[in-house]
Amino acid sequence: MKIRPLNDRLLVKRLEEETMTAGGIIIPDSAKEKPAEGEVIAVGPGKVADNGERIALQVKEGDMVLFSKYGGTDVKLDGEDFLIMREDDILGIVEK
């Protein structure tokens, strides 16, 4: 299934949380927190300014981003979990 976000929205896939600590302790699923880092899968065309011009987004497909813990809306596409969020929910881009 293909999806194209509208305006300043992004489609983000969360990164998988570690299942084991550095000390070798296995973390059960019930104790895991949702990761606040993910990969941008698709981006919208940008926000429309008051004068009618479109403002391009700063993030692009493939960027690794940090986002607020409760930001975005959870969606399930083709059996996979994704988030749809506004660019304002992105806290930063992870530089490699």
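Which backbone nitrogen does the side chain of Asp 63 reach? I opened the notebook with that one, keeping in mind that this is a predicted model.

**Entry 1, Asp 63.** I followed the side chain of Asp 63 and found that it reaches the backbone nitrogen of Lys 60, at 3.0 Å. Next I looked up where Asp 63 sits: it is in the loop that runs between β4 (54–55) and β5 (64–67). Is Asp 63 buried or exposed? Its relative accessibility is 11%, and buried means under 20%, so I noted Asp 63 as buried. I then listed its neighbours, leaving out residues up to four places away in sequence: Asp 63 touches Gly 38, Glu 39, Val 40, Gln 58 and Ile 93.

I turned to backbone angles here. Most residues other than glycine have a negative phi. Asn 7 is not a glycine, yet I read a positive phi of about 50° for it. I placed Asn 7 in the segment before β1 (9–14). With 36% relative accessibility, Asn 7 goes down in my notes as partly exposed.

I located Asp 78 in the loop between β6 (73–77) and β7 (80–86). Its relative accessible area is 56%, and the cut-off for exposed is over 50%, so Asp 78 counts as exposed.

Definitions and conventions:
Residues are numbered from 1 along each chain as its sequence is written. This is a predicted model: local features need pLDDT of at least 70, side-chain atom pairs count only at pLDDT 80 or more; totals for chains, interfaces and linings use all residues. Side-chain values use heavy atoms; hydrogens and water are left out. Helices (H or I, at least four residues) and strands (E, at least two) are DSSP runs, numbered from the N terminus. Buried means under 20% relative accessible area, exposed over 50%, partly exposed in between (1.4 Å probe, protein chains only). A polar contact is a pair of N or O atoms within 3.5 Å; within protein, one must be able to donate a hydrogen and the other to accept it, and residues adjacent in sequence count only if both atoms are side-chain atoms. Contact means heavy atoms within 4.5 Å.
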